[in-house]
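Me: I'm new to this one. Can you walk me through it?

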Amino acid sequence: MPLALAFFFWAMALITVALFIARVWWLPELASAHGGAIDDQLVLTLVLAGIVFFLAQAALGYFIWRFRARGSERASYWHENPKMEVTWTVATAILFIGLGIQGNRVWAKYILTQAPPDAVTVEVTGQQFAWNMRYAGADGKFGRTDPKLINDANANFLGLDEADPAAHDDVLTQNLMAIPVNRPIGVILRAKDVTHSFYVPQLRVKQDAVPGMGIRVTFTATKTGEFEIACAELCGMQHYKMRGRLLVMSDADYEKWLKDRAAAQ
Amino acid sequence: MPAATIPATGDLLRPGAGGPGAGDGSFGGDGDGGRRPSPRARQTHRLGIWLGLASVTMLFLGLTSAFIVREKLGGEWAEFAMPPLLVVNTLVLLASSAALERSKRALAGIVPSGARPAVSGVEVPPAYNTWLLAAVALGLLFLVGQAVAWQQLSARGIYLSTNPHSSFFYTLTGMHGLHLLGGLVALGYLTAWRGRLPLLALRRRTEATAIYWHFMDGLWVYLLLLLFVWK
Amino acid sequence: MAGHAAVMEAPTGFIRKYIFSIDHKVIGIQYLLLALFAVFLGMVLSAFMRLRLAWPEEKWPLLQQIFPQGFAGGPMTPEFYLAMMTMHGTIMVFFVLTTAPLSGFGNYFLPIQVGARDMAFPILNMLSFWITFVAMAVMVMALFATGGAPIAGWTSYAPLSALGQVAGPGLGAGQTLWIVSIAIFCVASLLTSLNFLTTTLNLRARGMSLLRMPLTVWAWFTTAMLALLAFPVLLAGGILLLLDRVGGTSFFIPGGLVVSDQLIPHQGGSPLLWQHLFWFFGHPEVYIAILPGMGVTSHILSTFARKPVFAYKAMVGAIFAIGFISYIVWGHHMFMSGMSPFSSMAFSITTLAVGVPSAIKTFNWLATLWGGQIRFTSSMLYALGFVSLFVSGGVTGMLLAQPAVDVALHDTYFVVAHFHIIMGVAAIFGIFAGLHFWFPKMFGRMMDERLGKIHFWITIAGVYAIFMPMHYLGVAGALRRYAQLTEFDFLRPMQPLHQFITVAAFVTIAAQLIFVFNFFYSMFKGKRAGANPWEATTLEWIIPSPPPHDNFGPIEPVVNHGPYEYSVPGAAKDHIMQTAPAEEARR
Ligand code: HEM
Ligand SMILES: [Cu+2]
Ligand SMILES: [Cu+2]
């Protein structure tokens with residue numbers, strides 16, 4: 001029994017760590033500028049956690065085997081060692097707080113970055129179960145919206161007020177977002193009904209869209225291509241298929257895309 | 001203050017805290033249902049009630065934090081002036097508390113003789129009865145007063161859902177009222193059983209109820225300040 | 001002190017004895033049976049979930065006959081999935097993990113271990129159980145509510161949970177019943193914890209100083225403190241949420257919401273406020289689930305390693321530190337919620353800080369084994385399993401505590417893996433360890449060791465097979481609370497892993513029948529147990545199995561020793577009972 005249990009803990013720890021190292025399942029391929037730091041911090045923590053995990057399981061297994069009852073021997077009455085206790089307390093405290101500080105630096109750099117004035121601004125509004133995107137258009141100003149005007153049947157998903165001149169050139173799409181590559185993007189997240197969460201795995205962007213709030217996130221995509229926007233906060237029955245498409249394209253393509261959309265409207 | 005008092009915390013850390021009484025305390029602590037009362041029972045009652053009040057405090061702190069957050073969000077926060085009736089209600093509640101305190105003190109003077117505490121049906125001092133009934137009556141009056149105040153407000157068109165301030169007003173006073181109702185049940189129990197409980201048990205229970213009842217006064221004043229003065 | 005036995009007469013009628021009993025031991029068993037029912041319900045619900053996650057499009061004609069609505073058209077509907085998920089989480093967290101370790105074992109053994117004859121307030125104790133029972137009944141009603149069972153998750157985030165049926169199936173009557181049940185449960189938990197605290201502080205036997213209390217008592221004591229101060233805040237939130245639903249108020253519902261093209265006539269509330277109130281309770285709650293398991297594990301490791309718990313005082317300190325810090329970490333559930341990024345930083349640091357006492361406990365457990373003479377009873381196996389699971393679930397906390405890393409991991413299966421291992425399965429292992437350990441005391445008979453070991457092996461292998469792979473899913477971005485993970489290109493490749501997990505789950509769930517059989521069979525047919533079958537030292541082992549109505553009968557326990565005096569050099573036996581004469585240690 002002791003040996004079997006020891007083996008079990010060792011094997012479990014080995015397999016777990018091995019599958020991480022082999023990266024059979026791993027982070028989606030990175031496609032944003034700030035994501036590198038996040039990945040590094042994740043990997044650093046994962047490695048440290050992995051070491052702690054492995055050592056602890058190995059020790060547990062070893063102790064189980066080594067200290068199995070043998071006949072009528074007595075156990076040792078050893079139950080205190082202040083020096084050891086202080087050492088491991090201080091060591092874990094340093095490890096954890098150190099990680100915390102380092103992690104906070106990564107976080108601050110990501111979250112406190114403001115979109116520069118020339119950033120592309122997109123307003124994204126979640127609703128059950130779709131994403132509504134809005135671009136300010138040529139005037140750079142979003143038109144007025146009013147919840148009373150919302151009418152999904154007429155495709156006025158945001159309640160855009162046509163009486164406002166700034167509203168006329170707003171470009172609206174649903175479940176489709178285009179952005180230029182290598183340019184800062186500022187997204188303003190809103191929600192019409194319940195809380196949603198804007199998640200693009202490859203960009204390492206995840207942020208709740210909360211009704212009554214306008215939450216900003218800033219990022220820069222570094223790869224062109226098509227990505228998926230998923231909802232990461234339970235919002236009702238079809239939460240699992242609240243899917244949007246994100247197209248990252250060259251600057252020129254993006255300008256053209258925006259113009260075409262505006263013209264089509 | 002008679003006999004058993006709460007030992008200093010230092011005592012609690014010493015082996016054998018509470019001395020010989022500790023063993024007795026294990027009878028359910030409380031002398032309930034004819035079990036022998038013990039010197040620690042009194043402490044147990046007090047501790048129990050204070051712990052209960054700690055949790056009541058957390059409930060109202062939770063509501064308070066909601067109040068503050070909600071007020072900061074502002075907007076349509078339309079504050080209404082305090083209905084004057086609430087001042088009267090406050091006085092009624094304080095008077096009820098004072099009455100209960102008097103009734104509690106009426107018991108404090110009696111030194112239980114050997115046989116007395118264990119026997120049911122000892123007569124209770126008349127002062128106890130009078131003040132207890134006064135406390136119950138005033139408590140009921142307060143609740144009636146609160147109901148009238150609600151009535152007056154709704155007559156002015158201020159309902160639960162009218163604005164955030166009114167929502168909090170009804171919620172907080174309602175929760176306070178529910179807690180008072182609980183206290184009234186305890187007072188009703190004392191009224192009904194006062195002739196049948198052993199003297200020490202009656203005293204413990206009166207004390208515990210009084211702590212709760214006084215706390216409800218403090219809570220009420222706090223709520224008034226929060227609702228109508230805090231800014 | 002003669003005549004004590006006569007003072008507390010045992011009730012004779014069936015109803016007073018077994019139904020409306022005020023005996024803490026009967027109440028403890030009532031709680032355990034309630035939890036047993038709940039855990040089975042919860043497990044069956046999880047089987048449904050796993051079924052859909054593995055084969056989302058598959059039709060199940062047989063199930064369709066039983067649940068015509070839940071399987072309308074053949075495959076399980078997404079709302080049925082979400083209802084299963086919500087009820088599973090709620091039942092597990094509240095009715096299993098709060099009920100069994102704290103109210104169940106605590107009720108039975110806390111008074112005995114401190115040398116009391118009952119709880120401080122026995123009638124209140126009975127009331128607490130029956131209030132819990134009502135809460136459970138209402139929760140089961142929610143499962144069958146018109147319009148469906150609630151689908152908002154065990155966290156019931158507003159405004160989804162506040163808007164009513166317009167926001168989706170199950171959000172009408174089902175959601176209301178959910179809130180009512182939780183509110184009732186809050187009240188019951190408050191009353192229980194008040195009783196625990198008073199009993200521990202005031203009813204200890206002579207000589208039972210605080211630092212001679214078993215670590216189980218310390219754990220229950222701290223847990224009760226957490227429950228006493230955390231549940232009222234959930235109650236406050238629940239009341240406000242209920243008023244938003246039925247009273248037209250706007251505590252959590254902002255203005256200008258449009259749900260399914262309907263303008264909602266509310267104004268100005270704050271969805272984040274609900275999250276703050278919920279998690280202020282919610283984080284202490286996860287420690288309410290796990291702390292008693294830690295106490296039980298310390299207790300059992302020491303008993304079967306035949307060694308004193310290593311660094312007893314540090315263990316007590318760590319329990320307290322965990323209890324205290326757990327009040328100031330709740331924001332780690334809200335890193336992506338739109339809360340101020342600076343709050344996130346503060347919560348990140350406090351969260352990592354709570355890891356320190358947790359790590360201390362692990363070190364001390366390992367050190368307790370060092371130099372021991374380990375006896376591998378099934379109870380000990382579960383306790384060792386607990387340590388392993390606690391490590392596995394704990395280390396991933398280092399990642400989730402950092403907002404930057406949480407960007408990738410929040411609301412993914414990584415979180416599901418983390419909390420299942422550390423809060424769910426570890427706590428369940430604590431329960432199993434405790435049950436196998438105390439069963440002889442509670443029922444006077446031994447559980448079958450062979451069956452216990454078979455059950456242990458399948459369960460430990462099973463839970464690792466279920467929950468370890470979820471880490472990989474999470475890192476790869478698989479989102480939780482998804483009724484299926486095949487609607488996205490980046491999720492689809494992970495489907496085989498989901499199928500593997502489901503198979504493992506089915507095997508593990510089926511294996512639990514071994515335990516149920518063992519439990520009920522041993523209750524009637526097990527080998528008779530003596531007063532102290534494990535050669536343990538604490539007070540529950542000086543009295544007959546099962547204990548008499550007033551626990552100690554004519555004995556008045558006087559405590560002379562610490563709780564874990566095993567293998568004391570020079571002593572006659574390898575263990576010294578807490579009540580042994582003081583000179584025992586020197587003999
Ligand atoms: C047989 C063992 C178990 C299996 C197979 C299982 C499976 C699952 C699954 C599939 C989910 C839903 C994941 C999602 O869609 O996001 C879930 C959620 C959950 N489970 Fe378990 N579970 C088990 C045991 C437990 C235990 C013992 C607990 C006790 C804490 C627990 C607590 C929860 C909670 C709190 C949730 C979250 C519900 C929510 O998102 O609102 N589970 N479980
Ligand atoms: Cu969603
Ligand atoms: Cu937490």
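Me: Where does ligand 1 sit?
Reply: Ligand 1 sits in the largest cavity. A cavity here is a set of points, on a 1 Å grid over the protein atoms alone, where a 1.4 Å probe fits but cannot get out. A molecule sits in one if more than half of its atoms lie within 2 Å of its grid points.

Me: Before we go on, what should I know about the model and the numbering?
Reply: This is a predicted model: local features need pLDDT of at least 70, side-chain atom pairs count only at pLDDT 80 or more, and totals for chains, interfaces and linings use all residues. Residues are numbered from 1 along each chain as its sequence is written, chains are lettered from A and ligands numbered from 1 in the order in which they are written, and side-chain values use heavy atoms, with hydrogens and water left out.

Me: OK. How many residues surround ligand 1?
Reply: 25 residues surround ligand 1, each with a heavy atom within 4 Å of the molecule. The closest are C:Tyr81, C:His88, C:Trp154, C:His420 and C:Arg481.

Me: Which atoms lie by the oxygens of ligand 1?
Reply: An N or O atom in the side chain of C:Tyr81 is 2.5 Å from one oxygen atom of the ligand. A backbone N or O atom of C:Arg481 also lies 2.5 Å from a ligand oxygen. For C:Arg480, a polar side-chain atom lies 3.0 Å from an oxygen atom of ligand 1.

Me: What else does C:Arg481 touch, say with its side chain?
Reply: The side chain of C:Arg481 makes a polar contact with the side chain of C:Thr155, at 3.1 Å. A polar contact is a pair of N or O atoms within 3.5 Å; within protein, one must be able to donate a hydrogen and the other to accept it, and residues adjacent in sequence count only if both atoms are side-chain atoms.

Me: Is C:Thr155 buried or exposed?
Reply: Buried, at 3% relative accessibility. The cut-offs are under 20% relative accessible area for buried, over 50% for exposed, and partly exposed in between (1.4 Å probe, protein chains only). C:Thr155 lies in the loop between helix 7 (122-143) and helix 8 (173-202) of chain C.

Me: Switching topic. What coordinates the copper ion?
Reply: C:His283 (ND1), C:His332 (NE2) and C:His333 (NE2) coordinate the copper ion (ligand 3), at 1.6 to 2.0 Å. Donors are N, O and S atoms within 2.8 Å of the metal (3.2 Å for Na, K and Ca); water is not among the atoms, so sites may look incomplete. In sequence the donor residues are spaced H-x48-H-H.

Me: Are C:His332 and C:His333 buried or partly exposed?
Reply: C:His332 is buried, at 13%. C:His333 counts as partly exposed, at 21%.

Me: And what is chain B made of?
Reply: Chain B has seven helices and zero strands. Of its 231 residues, 53% are buried.

Methods: On a 1 Å grid over the protein atoms alone, a cavity is a set of points where a 1.4 Å probe fits but cannot get out, and a pocket is an open set with protein on both sides within 12 Å along at least five of seven lines; lining residues have an atom within 4 Å of a point. Helices (H or I, at least four residues) and strands (E, at least two) are DSSP runs, numbered from the N terminus.
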